[in-house]
Amino acid sequence: MRNVVFLAAGLALLSGCASKSLDRARPDEFAVARQAPLVIPPDYALVPPQPGAARPQDAAGQTQTLDAMFGGAAPRSAAETATLDQAGADAVDPGIRSSVGDPGTNVVDKGATTRAIVAAPAGDGQDARATANGATPTAAPTPAPAATPTPKS
């Protein structure tokens, strides 16, 4: 019976090697789309760069990058302008990022539980206890001191 199982498994694996699925006709990837002919550019009047002069494409590349990342001077649509006006984009404090970490900054009070968690001393969590429905927590059991073996003389 055991040999029959191995034989059936071997036949199932070998059936995947049938050559019928490998002989199918595939489309030629170069025949699918027509290749455009090569065209020689009409003007070769390139000016050689001046020694020590700034490269003009560097500044354009940096400007394009900043415009792509931060919007640049692109015109905004009417819907975007209306949304920004309703959100109060014109009343934004430009120095807000420098005052976020200031201790005098007003923050939302999240309650006594959050204050207790933040003020708790750092530890490994071995003494932590959880309670449900306001039950009083039981005292944590103290582990018994390990017996130290005495050396034989």
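Tutor: Start with a definition. Buried means under 20% relative accessible area, exposed means over 50%, and partly exposed lies in between (1.4 Å probe, protein chains only). Helices (H or I, at least four residues) and strands (E, at least two) are DSSP runs, numbered from the N terminus. Now look at helix H4: among its ten residues, the count of buried residues is zero, so H4 is hardly covered. Gly88 follows H4 and has a positive phi, near 85°.

Student: What kind of model is this?
Tutor: This is a predicted model, where local features need pLDDT of at least 70, side-chain atom pairs count only at pLDDT 80 or more, and totals for chains, interfaces and linings use all residues. Residues are numbered from 1 along each chain as its sequence is written, and side-chain values use heavy atoms, leaving out hydrogens and water.

Student: In which helix is confidence lowest, and in which is it highest?
Tutor: pLDDT is the predictor's confidence in each residue, from 0 to 100. The protein chain averages 74, and 75% of the residues score at least 70. Confidence is lowest in helix H2 (residues 29-32), with a mean of 71, and highest in helix H4 (residues 78-87), at 90.

Student: How many helices and strands are in the protein chain?
Tutor: Six helices and zero strands. From the N terminus, the order is α-α-α-α-α-α. Buried residues make up 0% of the 153 residues.

Student: How do I check the span of helix H1?
Tutor: The expected span is 1.5 Å times one less than the number of residues. H1 (residues 2-15) has 14 residues and reaches 20 Å from its first C-alpha to its last, close to the 20 Å expected. H1 is hardly covered, with a buried count of zero.

Student: Which residues form a salt bridge?
Tutor: Side chains of opposite charge can pair when their charged atoms come close. A salt bridge needs a side-chain nitrogen of Lys or Arg within 4 Å of a carboxyl oxygen of Asp or Glu. The count here is one salt bridge. Arg76 pairs with Glu80, their closest N and O atoms being 3.0 Å apart. Arg76 is exposed at 51% relative accessibility, while Glu80 is partly exposed at 35%.

Student: Where is Phe70 found?
Tutor: Phe70 is in helix H3 (residues 56-70). With a relative accessible area of 64%, Phe70 is exposed.
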